[in-house]
Amino acid sequence: MPVLEITPDIRIAGVLAPLFALRSAHDLGVGDVGCLRELVDWAADTGFRMVQLLPINETGADHSPYMAVSSAAIEPSTLEITPAQVPGLTQEAVDAVVATVNLEQLRKGAVAYAVVKPLKLQLLALAFENFAKTDLARNTRRARAYRAWVAQQAAWIEGYGLFRVLMDENSVNERWDLWPEGQQTLAGARAWLERQRSSVRKRIERHVRFYKWVQWVAFTQWEQAKVYAEERGVALMGDVPFGVSYYSSDVFSDPDLFDLTWSGGAPPEPAFRDNPFVKKWGQNWGVPLYQWARHKETGFRWWRQRVSLTRKIFHLFRIDHILGFYRIYGFPWRPQQNADYLPLTPDEARVRTGGRLPRFFQHDDTTEQNRSLNRRDGEEYLRALLEETGEHRLIGEDLGTVPPYVRPSLTSLGIAGFKIPIWEPKWDGWLIDGADYQRLSLTTYATHDHEPLRGWWERLYHATREGGPERVEAWDQMVKLTAFAHMYMKEPEPWSEELHRALLWALFRSNAWIAVCMITDFLGSNQRFNVPGAVAESNWSERLPYETGKWPEMPEVRKAAEMVRGLLAENGRVRG
């Protein structure tokens, strides 16, 4: 069995692939744990020693993994729904339920969440019904394991279970502020439940037990996937968003941990030329701010729980927008009101908000004292997380407008930050050579929010051919990126295999501990999984064109794998 060594002393390479985008011969219209095992096998054979995923927490109506309805619960659609993997599930039940949908069509194209999610929950419900009769009623070994697990997870699963049932009771809508008044908090909902008829209480309590059981199955499958990856010598890297959804079981259960009067986001960015709101006001994500004083009083219990659960199923994980631990930009209005505020002047906005304007919390970075306070607070909060994760298991996504104290702070804590080559300029505007990156870092050309490398290049190439005002800027970026890859281009050239190879070579050549390429950048494709700020069905639903288990047979994938395997060996990123 390969030894899984995860230390900055050993440079490794990984691949990022959204789970929902993977395909298998047996999936039910969305990538699942079974697909993940196939991806791990392929990654290990290709030379990758890490597989990175997006957040896997349960999602709401928009299906965004960064706006989950629980910081702890796993999305049920990630589960492999087979009799071998789900206790109580029979093949007869699978055949009967699957016969009600066009499975062949469901497996084609993008994820049809409106069909896939209910389909998987229906199968899980049938399995639970059988499990209740054959295991719970007899108190079998599996039943005792389930009950013991639920007892261990009581701190979060009790509130989550009731929240999830009330979602169903309210048309599968996570917006608790639209539920009946008596159901809008955990305390209120418990009191409401006590007032119901015995038959209603029993029905809801059984439904709560079902959702707890689903999570037991989910954590069991994912913990087994972690072991499987270890056996193949591949680390799994997860993702923990800094914020949680306003409409989450966390806010429902522990509202005192959150400041619901402010909405978290990011400051104005002039570079967002196509988004007038972001250019003027900033990004309003809609996540509540944290009541850090309350978190501190509890010994950061909620955060410790969150990262410890993540560590059960991932070897490493990144924190999306780790800058938020130091300071977070807040809006005094919800995202649904953005359009109302777009045309307003600051003075007009103050009139509407009672004198409040978007600002940083707790402090802005305009004075040395404020910067010192922000660094002190961020390090205090992150040390609590590090006590749960251990050394070199937490990766910080430190992109955007980064205060000068953040990267030295992360380094002092032993937290690797990100290096996106095009955003790492030297004093003269040329890009820092990858060989000069600090070892404690992760480098990649793109995250899930960015254009694939090929799409970005082709957009620049098109701009140079058009001859408009963007031509000079586009050519400048092309020249600098090719120089980073030790290529020297005299005039704009279209995307090519030579360019693809050179760019991946430069990424793997870098001194960064971890070099990651998006699966689309590995393939040299234009496919995109998310366009920030866009409300589109294609967000979080695009799937890769081939079944993961068949990648070794696909000529284009096999060719790319052979190229990458050679580059990894050349640059010392494969096992000896």
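Me: In which helix do Glu-129 and Lys-133 lie, and how many residues apart are they?

Reply: Both lie in helix H4 (residues 113-136), four residues apart, about one turn of the helix. Helices here are DSSP runs of H or I with at least four residues, strands are E runs of at least two, and both are numbered from the N terminus. The model is predicted, so local features need pLDDT of at least 70 and side-chain atom pairs count only at pLDDT 80 or more, while totals for chains, interfaces and linings use all residues. Residues are numbered from 1 along each chain as its sequence is written, and side-chain values use heavy atoms, leaving out hydrogens and water.

Me: What does Glu-129 form with Lys-133?

Reply: Side chains of opposite charge can pair when their charged atoms come close. Glu-129 forms a salt bridge with Lys-133, with the closest N and O atoms 3.5 Å apart. The term requires a side-chain nitrogen of Lys or Arg within 4 Å of a carboxyl oxygen of Asp or Glu.

Me: Is Lys-133 buried or exposed?

Reply: Lys-133 has a relative accessible area of 54%, so it is exposed. The cut-offs are under 20% for buried, over 50% for exposed, and partly exposed in between (1.4 Å probe, protein chains only). Glu-129, at 36%, is partly exposed.

Me: Which residues touch the most other members of the largest nonpolar core?

Reply: In soluble globular proteins, nonpolar side chains tend to be buried together. A nonpolar core is a set of buried Ala, Val, Leu, Ile, Met, Phe, Trp, Tyr and Cys residues joined through side-chain atoms within 4.5 Å. Here the largest has 181 residues, and Phe-48, Trp-213, Trp-222, Phe-325 and Phe-508 touch the most other members. Helix H8 (residues 198-231) gives the most to this core, with 14 residues.
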